[in-house]
Amino acid sequence: MTDTIIVLTEDTLASADVENLLALHEGETFTYRILVPADTDRPLVSTIIDNLSLGELKEAWQRALGKEPSPREAKATAAEQLAGSIAAFVAAGRVATGTIVDDDPLPALRTAVADGDVFEVEIVTYPHAVEDTFHRDWASRAREELQVPVLHLYAGTSELG
């Protein structure tokens, strides 16, 4: 049976992201299972700080006004992100499946790891100033809870978080 790598991402994986993930295990064959949260509940202050630190003024303003995606919108966005990410893995010649998960992806990660044959968890996110600094990001939380290696990469780069 082929080992699985769980990939948790908050956005569509670009081909460069997939290349960076595959380069971590060059010459090895894994099955990839992608998890994408349907994000409907973004923390107010940390989201605004993240938006401002990335120069996303419009997004920061909308969040300050309390605009959040509806559950239906969040699931539709997650479905698009998941389909694009699976397509990027398939284009790279790899087997990939995926699932949309709840806002907090840690329960889904725990379940996936408990199902067995998970080699490691790879988390791809944008930088999050508050969560990364105080180790409340997905990768830090997963490292505390899971009994498998957890890697954190920043989207669009080969930089480890």
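Modeller: Helices and strands here are DSSP runs, numbered from the N terminus. The model is a predicted one. From the N terminus on, its elements run β-α-β-α-α-α-β-α-β-α-α-β.

Biologist: How many helices and strands does the chain have?

Modeller: The chain has seven helices and five strands. Of its 161 residues, 40% are buried. Among contacts with a separation of 6 or more, 78% are between residues 24 or more positions apart.

Biologist: Let us turn to one helix. Which residues of α7 are buried?

Modeller: Helix α7 covers residues 138–145, and Trp138, Ala139, Ser140, Arg141 and Ala142 are buried there.

Biologist: And what do the buried residues of α7 pack against?

Modeller: They pack against the strands β1 (4–9), β2 (31–37), β4 (118–125) and β5 (150–154), and also against helix α5 (106–114).

Biologist: How many salt bridges are found in the whole structure?

Modeller: The search finds two salt bridges. One is formed by Arg141 and Asp104, whose closest N and O atoms are 3.0 Å apart. Arg141 belongs to helix α7 and Asp104 to the loop between β3 (96–101) and α5, so this pair ties together parts 37 residues apart in sequence.

Biologist: Is Arg141 buried or exposed?

Modeller: Arg141 has a relative accessible area of 17%, and it counts as buried because the cut-off is under 20%.

Biologist: Which residue forms a salt bridge with Arg110?

Modeller: That residue is Glu145, and the closest N and O atoms are 2.2 Å apart. This pair also links distant parts of the chain, with Arg110 in helix α5 and Glu145 in helix α7, 35 residues apart. Arg110 counts as partly exposed at 37% relative accessibility. Glu145 is partly exposed as well, with a relative accessible area of 35%.

Biologist: Then which side chain makes a polar contact with the side chain of Glu120?

Modeller: The side chain of His25 does, at 2.5 Å. Apart from neighbours within four places in sequence, Glu120 is in contact with Thr4, Ile5, Ile6, His25, Val148, Pro149 and Leu151.

Biologist: Where does His25 lie?

Modeller: His25 lies in the loop between α1 (15–23) and β2. At 10% relative accessibility, His25 counts as buried, because the cut-off is under 20%.

Biologist: What else does His25 touch?

Modeller: Not counting residues up to four places away in sequence, His25 touches Ile5, Phe30, Phe119 and Glu122, as well as Glu120.

Biologist: Which residues line the largest cavity?

Modeller: The lining consists of Asp17, Asn20, Leu21, Val124, Leu153, Tyr154, Ala155 and Thr157. The elements that give two or more residues to this lining are α1 and β5. The largest share, three residues, comes from α1.

Notes:
Residues numbered from 1 in each chain as written. Predicted model: local features only at pLDDT ≥ 70, side-chain atom pairs only at ≥ 80, totals over all residues. Heavy atoms only, no water. Buried < 20%, exposed > 50% of the residue type's maximum accessible area, 1.4 Å probe, protein only. Helix = DSSP H or I, 4+ residues; strand = E, 2+ residues; numbered from the N terminus. Contact = heavy atoms within 4.5 Å. Polar contact = N/O pair within 3.5 Å; in protein donor to acceptor, adjacent residues only side chain to side chain. 1 Å grid on protein atoms, 1.4 Å probe; cavity = no way out; pocket = protein on both sides within 12 Å on 5 of 7 lines; lining within 4 Å. Salt bridge = Lys/Arg side-chain N within 4 Å of Asp/Glu carboxyl O.
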